[in-house]
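Subject: Handover of a structure and summary of findings

Dear colleague,

Please find below the structure that I am handing over to you, together with its sequence. A summary of what was found follows directly after it.

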Amino acid sequence: MGISKEFAQERFLFWCQKLRLSPGWDIRLEWVENPDWPKTGDFKVDCDDKKAILLLNAVNPRQENWEEVIVHELLHLKLYPLDQVTESLITSHFQEGTGAYSFAYTQFFTALEQTVEELAKCFLLEYGENRELSFGRCQGMPSFNELYNGLKNL
């Protein structure tokens, strides 16, 4: 992904300040060296103590722009209270394993990811050092034609 860990640390600290996460939260950045870890970025969060660890995949990331990943993950932390309230509402109102539960859960997390990614793009394009958006996840996606392979013509 063409970025040094030192530069990633500098951008991480910049974004913690820009998103007003620091000094309210104690956050640190750690690199995951496990080649089997499937994510590019993730968080471990202790809400009671307002501590968090941002995890970045050092071995096989799916994105090309570390700064975009850092902003995305930090926005998850920024939105974490809303995330937890919504998830609690879903689990308290729908029986796990039912269609309603699956629908609500899937819709919420899809909307959350799309919102976080859109906000990350906005912040990155306005304040980012590297404003080039990542298309790494697209590499593993089927092409438009592959999506419609085998469907009947109408």
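I begin with F109, whose relative accessibility of 25% makes it count as partly exposed. F108, by contrast, counts as buried, because its relative accessibility is 14% and the limit for that class is under 20%. Please bear in mind throughout that this is a predicted model.

Overall architecture

The protein comprises five helices and three strands. Along the sequence they are arranged as α-β-β-β-α-α-α-α. A box of roughly 55 × 40 × 35 Å, taken along the principal axes, holds the C-alpha atoms of the protein. There are 154 residues, of which 32% count as buried. Among the contacts with a separation of 6 or more, 66% are between residues 24 or more positions apart.

Aromatic pairs

A search of the whole structure returns seven aromatic pairs. One of them joins Y101 and Y105: the ring centres are 5.3 Å apart and the planes stand at 15 degrees, so this pair is stacked. Both tyrosines belong to helix α4, where four residues, about one turn of the helix, separate Y101 from Y105. Y101 has a relative accessibility of 11% and therefore counts as buried, whereas Y105, at 24%, counts as partly exposed. The phenylalanines with which I opened, F108 and F109, have ring centres 4.7 Å apart and planes at 65 degrees, so they form an edge-to-face pair. The edge-to-face class requires planes over 60 degrees apart.

Packing of α1 against α4

How do the axes of helix α1 and helix α4 cross, and how close do they come? Helix α1 spans residues 5–18 and helix α4 spans residues 99–127; their axes come within 13 Å and cross at roughly 110 degrees. The two helices are therefore roughly perpendicular, as angles of 65 to 115 degrees fall in that class. On the α1 side, the contact is made by R11, F14, W15 and K18, and on the α4 side by F123, L124 and Y127. By type, the residues of this contact comprise five nonpolar, two charged and no polar. F14, W15, F123 and Y127 also form one aromatic cluster, so that the cluster draws on residues from both helices in this contact.

Helix α1 also contains L13. This leucine counts as partly exposed, because its relative accessibility is 47%. L13 and R28 lie 15 residues apart in sequence, and their C-alpha atoms are 8.9 Å apart in space.

H76 is located in helix α2, which covers residues 66–78. Is H76 buried or exposed? With a relative accessible area of 14%, H76 is buried, since the class is defined as under 20%. Its side chain makes a polar contact of 3.1 Å with the side chain of H72. Once the neighbours within four places in sequence are set aside, H76 is in contact with L112, E113 and V116.

With kind regards

Technical notes: Residues numbered from 1 in each chain as written. Predicted model: local features only at pLDDT ≥ 70, side-chain atom pairs only at ≥ 80, totals over all residues. Heavy atoms only, no water. Axes fitted to C-alpha atoms, helices over the stretch in contact; angles between N-to-C directions. Parallel < 35°, antiparallel > 145°, perpendicular 65-115°, else oblique. Contact = heavy atoms within 4.5 Å. Nonpolar A, V, L, I, M, F, W, Y, C, P; charged D, E, K, R; others polar. Buried < 20%, exposed > 50% of the residue type's maximum accessible area, 1.4 Å probe, protein only. Polar contact = N/O pair within 3.5 Å; in protein donor to acceptor, adjacent residues only side chain to side chain. Phe/Tyr/Trp six-rings, centres within 6.5 Å; stacked < 30°, edge-to-face > 60°.
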